[in-house]
Amino acid sequence: WKCKALIDVEFSERLETIEGRAFWCCSRLEHIAIPLKRDLFEIDVDMFDMYTQFHGCDQLVKVDLVGGIHKTVSSLHMESWRSEMEEEINRINQVLPNTPEKTAALKQWMDSVIDKMDHYKAEHHRYVKEAVTLLELALWKA
């Protein structure tokens with residue numbers, strides 16, 4: 001809250017939530033490292049149900065993800081899936097410098113990354129299930 005010296009913050013993947021106004025007007029904050037979680041940001045009911053965690057953090061331009069997301073992306077079945085996920089993860093660092101509502105942009109981006117990852121995981125499981133079925137049929141015929 002109104003910290004003038006804070007430039008960089010790195011959280012553990014165990015972080016559950018960031019409450020409203022947690023970094024309100026930390027004017028020098030440039031970089032955060034956070035876990036990828038859908039409900040990481042709490043709505044600030046005292047501020048008209050807005051996301052206010054990084055309000056006034058105009059210098060916030062870089063976000064990194066902590067935790068196992070990068071390992072998960074690298075293990076995706078198709079190269080095109082890996083490339084698309086890496087692009088989506090990196091997109092926030094292109095958008096954030098020109099975005100006045102930092103927390104809303106972060107929340108939307110996190111939801112998009114999670115949705116895309118869920119889609120590719122489902123596709124991966126579908127391909128594995130199909131391969132197992134084909135293998136079972138081949139063994140049955142043998």
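This is a predicted model: local features need pLDDT of at least 70, side-chain atom pairs count only at pLDDT 80 or more; totals for chains, interfaces and linings use all residues.
Colleague: What radius of gyration does the protein chain have, beside that of a compact globule of 142 residues?
Modeller: Along its principal axes, the C-alpha trace of the protein chain spans about 70 × 25 × 25 Å. A compact globule of 142 residues would have a radius of gyration near 14 Å, whereas the value for the protein chain is 19 Å.

Colleague: In what order do the elements of the protein chain run from the N terminus on?
Modeller: The protein chain contains three helices and three strands. Read from the N terminus on, these elements follow the order β-β-β-α-α-α.

Colleague: How far does α3 reach from its first C-alpha to its last?
Modeller: Helix α3 takes in residues 102-141, and it has 40 residues. At 1.5 Å a residue the expected reach is 58 Å, and the reach found in the model, from the first C-alpha to the last, is close to this, at 58 Å.

Colleague: Which elements do the buried residues of α3 pack against?
Modeller: The buried residues of α3 include K102, L106, W109, M110, I114, M117 and Y120. Their packing partners come from both strands and helices, namely β2, β3, α1 and α2.

Colleague: Is M117 buried or exposed?
Modeller: M117 is found in helix α3, where it touches I69, T72, V73, L76 and M85, leaving out residues up to four places away in sequence. Because its relative accessibility is 4% and the cut-off for burial is under 20%, M117 counts as buried.

Colleague: What distance separates the C-alpha atoms of M117 and E84?
Modeller: M117 and E84 are 33 residues apart along the chain.

Colleague: With which side chain does the side chain of S112 make a polar contact?
Modeller: S112 is found in helix α3, and at 25% relative accessibility it counts as partly exposed. Not counting residues up to four places away in sequence, S112 touches E88 and R91. One of these contacts is also a polar contact between side chains, at 2.7 Å, and the partner of S112 in it is E88.

Colleague: How far apart in space are S112 and S27, C-alpha to C-alpha?
Modeller: In sequence, S112 and S27 are 85 residues apart. Taken C-alpha to C-alpha, their separation in space is 27 Å.

Colleague: What is the length of the polar contact that joins the side chains of D44 and R21?
Modeller: D44 has its place in the loop between β2 (31-35) and β3 (62-66), while R21 lies in the loop between β1 (8-10) and β2. D44 counts as buried at 5% relative accessibility, whereas R21 is partly exposed, with a relative accessible area of 21%. Leaving aside neighbours within four places in sequence, D44 is in contact with G20, R21, D49, M50 and T52. The polar contact that joins the side chains of D44 and R21 has a length of 2.7 Å.

Colleague: What phi does C25 have?
Modeller: Most residues other than glycine have a negative phi. R21 has a positive phi of about 65° although it is not a glycine. C25, which is placed in the loop between β1 and β2 and is partly exposed with a relative accessible area of 23%, likewise has a positive phi, near 60°.

Technical notes:
Residues are numbered from 1 along each chain as its sequence is written. Side-chain values use heavy atoms; hydrogens and water are left out. Helices (H or I, at least four residues) and strands (E, at least two) are DSSP runs, numbered from the N terminus. Buried means under 20% relative accessible area, exposed over 50%, partly exposed in between (1.4 Å probe, protein chains only). A polar contact is a pair of N or O atoms within 3.5 Å; within protein, one must be able to donate a hydrogen and the other to accept it, and residues adjacent in sequence count only if both atoms are side-chain atoms. Contact means heavy atoms within 4.5 Å. The radius of gyration is taken over C-alpha atoms; the globule rule is 2.2 Å times the number of residues to the power 0.38. The expected span of a helix is 1.5 Å times one less than its number of residues.
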